[in-house]
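Try each task before you read its solution.

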Amino acid sequence: MDAILLQILNGLDKGAAYALIALGLTLVFGTLGVVNFAHGALFMLGAFCAVTLNRLLTISTKIKDESVTFFDAYKEVPILEAKFPTWGPVIVDYSVPLAILIAIPVMLLIGLIMERGLIRHFYKRPHADQILVTFGLAIVIQEVIKHSFGANPIPQLAPDGVAGSANVGAWFGMGDNIVYPWWRLIYLGFAMLIIGATFAFLKFTTFGMVVRAGMQDRETVGLLGIDIQKRFTIVFALASVCAGLAGVMYTPILPPNYHMGMDFLVLSFVVVVVGGMGSLGGAVLAGFLLGILQSFASMTEVKAIIPGIDQIIIYFVAVVVLLVLPRGLLGRKGVMED
Amino acid sequence: MENTVLHVADVHKSFAGLHALSDIDLSVREGETHAIIGPNGAGKSTLLNVCIGRLKPDTGHVIFNGENLTGRAPHEINQLGVVRVFQTPEIFPDLTLLENVMVPILAKRDGSFKMSWFRRFSSELNVRNKAMGVLQDLGLGEFTNAMATNLSRGDKRRLELAMGLAQEPKLLLLDEPTAGMARHDTNATIDLLKKIKAGGMTKVIIEHDMHVVFSLADRISVLAGGRIICQGTPEEVKNDPRVKEAYLGEEQV
Amino acid sequence: MFKPSALSDWTLFILFSAAILTMPIWLAPLGANYPDLMQKFAIFGIFAIGFNILFGLTGYLSFGHAAFLGVGSYTAVWSFKLLTMNVIPALIFSVIMAGVFALVIGFVSLRRSGIYFSILTLAFAQMSFNLAYSVLTPITNGESGLQLTLRDPRVLDAAAGVAVGRSLPSTNLFGLKMSGLPGFYICAVMLIIAFFLSMRIFRSPFGMMLKAIKSNQTRMAYTGFNTRPYLLAAFVISGMYAGLAGSLMAVTDPLAGAERMQWTASGEVVLMTILGGAGTLIGPVLGSAIIKYAENIFSAFNTSELRQIFDFMPDGLQQVSVAVSSMFVGEAWHFTLGLTFMIVVIFLPGGIMEGFRRIGGLFRRSDAKAGKVESSAAAAHS
């Protein structure tokens with residue numbers, strides 16, 4: 001029982017990342033009708049926002065090391081910590097959550113530029129063309145990052161205060177067997193917050209209403225005299241922020257590298273298709289579901305019965321779902337059916 | 001009674017509680033041209049879609065030469081000899097006219113996948129000549145190597161008719177063959193259809209244009225509100241008071 | 001379409017064969033006439049021709065064709081290990097195995113179309129890739145890749161009394177070693193055969209049906225066709241081409257690794273086909289050659305060479321030039337690849353062949369005021 005709960009928890013944080021990426025993908029697909037293979041790159045760019053901020057905060061200077069007394073020794077210390085010994089270290093410690101503040105405007109801007117500069121011209125092109133051009137863009141972004149940050153993963157630390165693990169089991173009176181890193185719990189909560197905010201935004205604002213209407217029937221919304229174009233741009237930028245934030249917060253869990261975007265993209269696409277093209281709820285549901293399934297498949301007991309299942313479970317589920325439910329779990333009729 | 005080719009028996013079809021078709025009983029006799037007319041929304045297109053298997057009726061059957069058509073895949077119905085010509089031209093825009101007509105001929109001859117298809121085109125001279133012949137009959141002979149997408153709308157419809165005729169169907173279903181055509185084209189199409197009529201092919205025509213209907217049809221069924229309200233020769237239909245009330249009232253003949 | 005094009009088809013075929021066979025001569029001025037690179041031209045040409053039979057004719061975009069490439073490679077290496085170092089059995093078995101895989105994957109994937117088809121093929125390829133790395137290690141030798149060893153049985157060779165030397169044997173065609181130029185020539189011959197078959201398919205009723213499916217699939221169904229067998233046949237054929245390409249990789253270098261099955265490899269063949277021109281006969285071969293050539297040129301540069309090139313510049317400018325150009329070359333050559341990909345899709349969706357056609361169209365327009373219908377008829381032939 002404990003083991004099962006633990007696996008569910010383990011699957012949730014990965015599922016949360018899938019869900020956040022898939023949410024943006026679906027949003028863009030449902031409204032703009034564009035299949036965006038560069039969406040994973042946005043996730044990766046978010047992660048590198050965190051890396052960049054951390055590097056900026058830890059630009060170092062050499063100061064005299066007072067602990068060494070018999071000769072003059074120097075040590076490298078971030079300027080911030082040297083100049084402001086009281087709150088400097090705290091800022092550096094909290095660089096990952098602080099990166100959210102940087103990532104929001106940056107990702108918004110990247111999203112705007114991408115939509116205006118490229119995606120817009122592909123609304124009416126075949127899906128194959130959309131896939132191909134965004135695939136090319138993803139490679140370009142990936143290589144730029146590789147060029148500037150190198151090919152190796154760059155580990156990022158969660159703030160010291162939440163570096164340990166939470167005894168989740170004890171909270172519910174189930175003994176001490178269920179421990180779970182604090183940061184993953186925070187990630188989960190954060191993902192829920194973003195997902196909740198997105199849904200609330202779409203549900204309760206007039207902007208969201210138009211977007212939802214656009215997802216149902218783009219032409220009609222255009223006929224109502226609404227400038228759908230501008231709203232598309234905003235939707236795309238929002239999706240880009242979603243993916244970026246998912247990336248920022250994921251850095252303490254997975255050290256960011258230049259190809260993490262592609263790795264997550266392929267899986268997120270599968271998630272979107274399983275959830276049902278154009279269904280936001282489906283994307284979130286499928287994200288968590290597949291994350292948990294993957295986590296179960298990684299259990300030694302399961303692998304003993306079906307060797308290699310952990311490697312293929314997501315793809316396997318995708319194949320089965322697509323064959324049994326052509327529109328995915330919660331897909332609507334008429335989306336992507338030529 | 002003469003030989004019945006198509007028998008629509010007791011067909012009902014409703015969409016979300018709305019009765020699109022009710023109690024449809026319709027017999028089309030061999031060699032006749034049977035027109036289905038009716039005001040907009042009378043269920044004409046629904047009826048045609050039921051006949052070719054695009055829609056499944058809620059109850060009832062569509063029998064063609066003793067074979068039940070309900071629930072069959074579109075390609076199977078075509079293989080039985082029922083061919084539909086669409087209202088909006090359904091052609092292969094990226095193929096040449098000649099290829100557009102060769103495809104249905106090969107479809108009829110081979111049905112499904114045949115290894116012989118890896119042979120060269122030159123070994124299919126019969127098919128090619130037949131396609132050329134049909135195109136020439138329909139006045140498209142000069143453009144055989146043009147891409148279909150470059151044709152005018154009227155020519156596209158003629159091409160589609162050619163694709164249908166090339167299969168030498170036992171039953172040809174025409175969905176408003178002259179809709180959207182200029183008068184001159186309409187007359188040309190009527191002449192053409194008369195020529196086919198002389199050939200003895202059984203046809204069902206859905207048509208708005210009374211001029212077309214009365215110059216072609218042997219018998220007419222009038223559809224209104226999803227029911228057949230009258231069936232008979234053009235003369236009988238013209239003089240039927242129910243028809244006048246339901247349909248002819250809105251459009252002067 | 002019939003007599004005249006049959007004639008020009010032969011001309012095209014003969015020209016193509018001559019160009020391929022004389023590659024070692026006319027590639028010399030480009031510095032690209034060494035066997036390794038020419039082998040790559042031919043192998044990826046085959047891969048792209050095969051992919052084009054599916055994507056170019058039917059419009060179904062598979063993102064998992066690298067799986068068949070991998071299957072071909074593994075099968076070939078196993079044939080070398082178990083049977084003989086002669087390449088003929090390896091080629092035959094690889095094509096058959098890839099065909100069987102394609103039959104199974106295609107049968108399932110073709111139940112859906114559009115993006116769903118792409119995702120299904122991608123899912124299958126990723127499954128194969130992941131399994132090759134993990135559970136299937138006994139067959140694939142996991143990360144280190146499947147290699148020849150001295151202890152391999154090679155039953156046919158042993159029966160024929162081929163002596164086992166102290167070093168690893170090399171692949172051969174009845175004794176002729178398949179390295180260097182002979183290795184290129186077997187790839188070249190295979191490419192010519194592959195091209196010929198593809199030409200026959202393009203010009204056959206089968207090819208016409210596939211084009212018709214791409215053009216208007218709904219109409220096909222009402223024309224009396226069950227389209228799925230055609231699509232499946234196209235899928236299997238293109239899978240077999242990929243298998244052939246994979247086995248030739250093993251012939252020229254008897255090693256098979258799982259990375260050959262990764263989806264980026266599938267993406268590469270898509271790019272080759274698009275760059276050259278999907279749906280054209282020559283395009284995919286051209287596209288793959290250009291990409292492999294560019295890869296060879298671009299990835300060879302390193303920073304010190306760049307510094308030499310920009311040596312004539314003042315110091316500051318030299319540094320900037322080196323920094324900028326190093327974005328495009330060496331290990332970062334994928335950047336150039338991605339950029340090319342975007343530019344082609346944005347500006348030239350028909351690929352290089354479309355570009356040729358447009359240039360040709362400029363000349364044609366000037367010498368005759370051909371009607372729209374006629375000029376497009378001509379385009380349909382070229």
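**Exercise 1.** What radius of gyration does chain B have, and what value would a compact globule with 253 residues have?

*Solution.* Keep in mind that this is a predicted model. Start with the rule: for 253 residues, a compact globule would come out near 18 Å. Next, take the value for chain B, which is 19 Å, so the two agree. For the outline, the C-alpha atoms of chain B fill a box of roughly 60 × 40 × 35 Å along the principal axes. Inside, 44% of the 253 residues are buried. Finally, count the elements: chain B has 9 helices and 10 strands.

**Exercise 2.** Find where B:Asn65 sits, and decide whether B:Asn65 is buried, exposed or partly exposed.

*Solution.* First, locate the loop between strand S4 (59–64) and strand S5 (67–68) of chain B; B:Asn65 lies there. Then look at the backbone: phi is near 45°, a positive value in a residue other than glycine. Now count neighbours. Buried needs 20 or more other C-beta atoms within 10 Å, and exposed needs 12 or fewer. B:Asn65 has 16, so B:Asn65 is partly exposed.

**Exercise 3.** Work out which helix gives the largest share of the side of chain C that touches chain A.

*Solution.* Begin with the contact: 34 residues of chain C meet 33 residues of chain A. Helices H6 (114–133), H13 (263–276) and H17 (333–347) of chain C each supply at least two residues of that side. The largest share, 11 residues, comes from H6(C). Sorted by class, this side of chain C has 24 nonpolar, 8 polar and 2 charged residues.

Key. Residues numbered from 1 in each chain as written. Chains lettered and ligands numbered in written order. Predicted model: local features only at pLDDT ≥ 70, side-chain atom pairs only at ≥ 80, totals over all residues. Contact = placed C-beta atoms within 7 Å. Helix = DSSP H or I, 4+ residues; strand = E, 2+ residues; numbered from the N terminus. Nonpolar A, V, L, I, M, F, W, Y, C, P; charged D, E, K, R; others polar. Rg over C-alpha atoms; globule rule 2.2 N^0.38 Å.
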